[in-house]
Amino acid sequence: MSMIEFQNVTFSYEAGKPVLKDLTFAVEKGESVGLIGANGAGKSTIMKLIPGLLDSMGRVRVDGISVGKDTAAEVRKKVGFVLQDPDSQMFMPTVLEDMIFGPMNYGLTKDEAVAKADRILAEMGLSDLRNRHNHRISGGEKKMAAIATILAMEPEAVIMDEPTASLDPYNRRTVINMIRSRSETKLIASHDLDMILDTCSRVILISGGVLAADGPAERILRDRALLEANRMELPLSYAGRASDPDR
Amino acid sequence: MNRMDQALLELSEMDDLASMDSPLHRRHPAVKLLVTVFYIAAVVSFGKYDLPGVLPMALIPAILFAAGGIPVSTCFKKMRFALPLVLAVGVFNPFFDRTVFIRIGGIPVTGGVLSMLTLMAKGVLSLMAAFIMMASTGIDSLCAGLRSLHVPKTAVSLLLLTWRYISVMTKELSVMTDAYHLRAPGQKGIHVSAWGSFLGQLLLRSMDRAGELYSAMRLRGFRGEFYYAGGRRAGVRDVLFAACFAAAVLVLRFVHVGELVGGIFV
């Protein structure tokens, strides 16, 4: 059974102007998939449809559950969504309080939630952030803490919107290593194609709300013609080297 | 640092104070809420000329400041915006009530002056009590206390979210103010011609940000009530604290401490 499934999904913010058009794809359990596309391609909309923040025409399923108002709580327990801006993600005073917010909403006692948060912090090497105030930590730390708040809910799948945006090279590498170390199903939307290459085995390319390509990351991210036709460029690690798979 | 950043820092200072550990901080939030209301009710119940009765009530905040390790200077710093309003409440009394009550060293003290000072003292003491409660409790625990007193969850969530969104709006305002001043060098504030668009943009940006935050909460299982609703129950120490506090307030309210102390020396 697929972890995330889109079946003939169409979505419009304004009537007559569909952002996604009859989109069909699936992400299997344990897969790490990159979602790429130019600005306005529909990546963020796809991300929001998965946990039911938006309603679409067509069918979105998470672990076999049809996403809808009635199933939103169940779906959101299975899928954690790391937003692009950690300031939008974190709203409690300290990192620990933010981390236990989700687990306690799902019925854990405070002690259980704290134990879980401590374990995740230790796994991510962030224990020193535990009692820090959210607004007094650096951008990189905040990004890692935002990811930690989602992992504390122990989701089966994690979707991430631009996880490496505005990070310095060191913090970017830390986030990449962290993503690589996680075994959950992952769907990562990003313009950082080198990061996608590092973390994802498969890539879905969206263009104008439709599926432009779907296949192994190595193949799609080497295809200069395909990328340029969809307002993208080769990853830096491939630029200047073989841009054509046949070469 | 602009004024908005300063305001954000001050908000976080309250969180810092509330996260300290002291016998006062450890008391159940509902108990602190109730005794604070009780104290304020006792303070405002004094007669309008009973300044000698009101002043000894300052003993209780003084003890609580010491017990909670809360700096008095921080209290007055935080109250600097509310204090002028409190002090202005009775400022016209001396003009209306000119009856001479007592003479101190030959200087007549009118009922108006006395009632003005009494009102001011009541206001300052009430603000201090509210500050001590906030500084030793924190917004989350306070909301937990309100829920344990069966205040409707919608009202409590609204209070908590309003508090959270104050910092969201302040952050947006800070960014916009910086952006404005970078392109309007030499201007002291925001020019009146820009107020409309500035406030409109602030509202739109704050709504966007608030919407994102709310989504983040929903994604983590928020369904209208914060988890703290099932917080701990009040224990023996909390009850003991409430009893001692109430007794102290009642003694200071009904025993005229000024006369008692004066009687010892006269």
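This is a predicted model: local features need pLDDT of at least 70, side-chain atom pairs count only at pLDDT 80 or more; totals for chains, interfaces and linings use all residues.
**Ground rules.** I number residues from 1 along each chain as its sequence is written, letter chains from A and number ligands from 1 in the order in which they are written. Local features need pLDDT of at least 70, side-chain atom pairs count only at pLDDT 80 or more, totals for chains, interfaces and linings use all residues, and side-chain values use heavy atoms, with hydrogens and water left out.

**Sheet, chain A.** I looked up the strand order and got β6-β7-β8-β3-β9-β10 for an open sheet of 6 strands with mixed pairing. Strands here are DSSP E runs of at least two residues, helices are H or I runs of at least four, both numbered from the N terminus, and two strands pair if DSSP finds at least two bridges between them. From one strand to the next the twist averages 15°, with axes fitted to C-alpha atoms (for helices over the stretch in contact) and angles running from 0 to 180 degrees between N-to-C directions. I then checked β3 (residues 32-36) against β9 (residues 202-207): they run parallel and share 4 bridges. A:L35 has A:I204 as its bridge partner in β9(A).

**Domains, chain B.** The domain assignment (bounds from an automatic or database source) gives me domain 1 as 3-137 + 235-265 and domain 2 as 153-226. Their centres, over C-alpha atoms, sit 33 Å apart. For contact (heavy atoms within 4.5 Å), I note 6 residues of domain 1 against 8 of domain 2.

**Cavities.** A cavity is a set of points on a 1 Å grid over the protein atoms alone where a 1.4 Å probe fits but cannot get out; a pocket is an open set with protein on both sides within 12 Å along at least five of seven lines, and lining residues have an atom within 4 Å of a point. I find 2 cavities of 30 Å³ or more. The largest has about 110 Å³ and 14 lining residues, with B:T36, B:L64, B:A129, B:I132 and B:F245 nearest its centre.

**Second largest pocket.** I get a volume of about 530 Å³. Of its 17 lining residues, B:E10, B:L11, B:M14, B:K78 and B:F81 are closest to the centre. Again I see α1(B) with the largest share of the lining, 6 residues.

How values were computed: Grid points are joined across faces, edges and corners, and a volume is the space filled by probe spheres set on the points.
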